Amino acid sequence: MTDHPTDSKDRLIFALDVPDRESAMRTVKLLDGTVGMFKVGLELFVREGPQILQAIRDHTSSKIFLDLKLHDIPATVARAVRSACAHPVHFLTVHAAGGLPMMQEAAQAAAQASELNLLAVTVLTSMSEADLASERGTGMGSLVLARAELARQAGCTGIVCSGQEVAAVKQQCGDSILTVVPGVRPAEGAVAEDDQRRTATPAQAITDGADYLVVGRPIRDAKDPRGAAQKIVEEIESARRNIV
Ligand code: C5P
């Protein structure tokens with residue numbers, strides 16, 4: 001099921017990278033109405049468990065993205081995806097590095113829940129070309145494209161890649177696959193000790209074909225998080241106007 005967002009606000013996914021339920025609920029209330037989706041990652045999920053998903057659902061009409069980046073043998077991942085189907089989750093991630101059979105079984109399990117869509121992480125946006133070369137001696141662009149193609153074959157709804165590869169992924173896969181782009185850095189508002197290596201501005205990522213942008217610290221650590229989120233939505237809106 002491919003679900004292309006129509007509203008600029010719906011394209012913005014906020015990474016709810018906070019330590020506990022109290023700060024999560026405070027942030028959800030603060031940003032409610034300014035972002036399309038809240039992404040729950042390992043920090044919050046490991047601390048609070050699946051109950052945090054329902055707690056978020058009870059406080060906002062925005063969708064929920066469960067970013068667990070599953071990576072294990074196919075049967076184990078498929079069973080974890082089946083467990084996730086019981087929760088109010090719109091997107092769930094697996095690592096494309098787990099291979100085609102793993103993604104296929106995961107996609108089949110996801111298909112049992114009407115709301116759950118599987119995304120495959122191609123290569124983490126924190127990996128640089130040099131990190132990759134020292135690990136496997138291959139180029140970033142070709143590895144991302146190879147994993148995106150496998151994710152498409154496996155029946156995943158979309159893939160996660162950086163803004164630096166999204167144009168090539170769209171060119172290869174077209175609109176048959178959603179593209180979700182983290183490592184998004186607005187021109188102003190640098191992140192202290194940033195671990196992201198393959199970054200793009202919101203405008204660049206949207207112009208290159210990103211369907212969704214994932215933004216965490218540039219919103220979370222801003223003096224005015226709501227204002228920072230609204231500014232990104234405006235940047236998405238103006239980039240979209242320039243495409244048409
Ligand atoms: O704070 P920042 O904007 O870097 O947050 C990016 C979010 O996207 C984090 O929650 C991170 O776990 C997630 N992510 C990523 N790279 C991927 C997949 C997910 O940074 N390839």
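Student: In this predicted model, which residue's side chain meets R198 in a salt bridge?

Tutor: Let's start from where the two partners sit. R198 lies in the loop between strand 7 (178-181) and helix 9 (202-207), while its partner lies in the loop between strand 6 (158-160) and helix 8 (166-173), so the pair ties together parts that are 33 residues apart in sequence. The N to O distance is 2.7 Å, and the partner is E165.

Student: Are R198 and E165 buried or exposed?

Tutor: The cut-off to keep in mind is a relative accessible area under 20% for a buried residue. On that scale, R198 and E165 are both buried.

Student: Which residues are linked with R185 in a network of salt bridges?

Tutor: Good one to trace in the structure! R185 is buried, with a relative accessible area of 12%. One of its salt bridges is with D194, where the closest N and O atoms are 2.7 Å apart. The residues linked with R185 in the network are D194, D195 and R217.

Student: How much of the ligand's accessible area does the protein cover?

Tutor: Begin with the surroundings: 17 residues surround the ligand, and the closest are D17, K39, T125, R185 and R217. An N or O atom in the side chain of R185 is 2.7 Å from a ligand oxygen, and a polar side-chain atom of R217 also lies 2.7 Å from an oxygen atom of the ligand. Of the 470 Å² of accessible area that the ligand has on its own, the protein covers 88%.

Student: Which side chain has an N or O atom 2.8 Å from a nitrogen atom of the ligand?

Tutor: The closest residues to the ligand include D17, K39 and T125. The side chain with an N or O atom 2.8 Å from the ligand nitrogen belongs to T125.

Student: Why do the buried residues of helix 4 line one face of the helix?

Tutor: The buried residues of helix 4 (residues 74-84) are V77, A78, V81 and A84. Seen down the helix axis, they fall within an arc of 115 degrees, so they line one face. An α-helix has 3.6 residues a turn, so residues three or four places apart point the same way. The value that places helix 4's buried residues on one face is thus the arc of 115 degrees.

Student: What do those buried residues of helix 4 pack against?

Tutor: The partners include both strands and a helix. They are strand 3 (63-70), strand 4 (91-95), helix 5 (100-110) and strand 5 (117-121).

Student: Which residues does C85 touch, leaving out those up to four places away in sequence?

Tutor: C85 lies in the loop between helix 4 and strand 4, and its relative accessible area of 22% makes C85 partly exposed. Its C-alpha atom is 9.7 Å from that of N117, 32 residues apart along the chain. The residues C85 touches are A109, A110, A113 and L116.

Notes: Residues are numbered from 1 along each chain as its sequence is written. This is a predicted model: local features need pLDDT of at least 70, side-chain atom pairs count only at pLDDT 80 or more; totals for chains, interfaces and linings use all residues. Side-chain values use heavy atoms; hydrogens and water are left out. Buried means under 20% relative accessible area, exposed over 50%, partly exposed in between (1.4 Å probe, protein chains only). Helices (H or I, at least four residues) and strands (E, at least two) are DSSP runs, numbered from the N terminus. The arc is that of the directions from the helix axis to the C-beta atoms. Contact means heavy atoms within 4.5 Å. A residue is near a molecule or strand if one of its heavy atoms lies within 4 Å of it. A polar contact is a pair of N or O atoms within 3.5 Å; within protein, one must be able to donate a hydrogen and the other to accept it, and residues adjacent in sequence count only if both atoms are side-chain atoms. Accessible areas come from the Shrake-Rupley method with a 1.4 Å probe; for residues, only the protein chains shown count as cover. A salt bridge is a side-chain nitrogen of Lys or Arg within 4 Å of a carboxyl oxygen of Asp or Glu.
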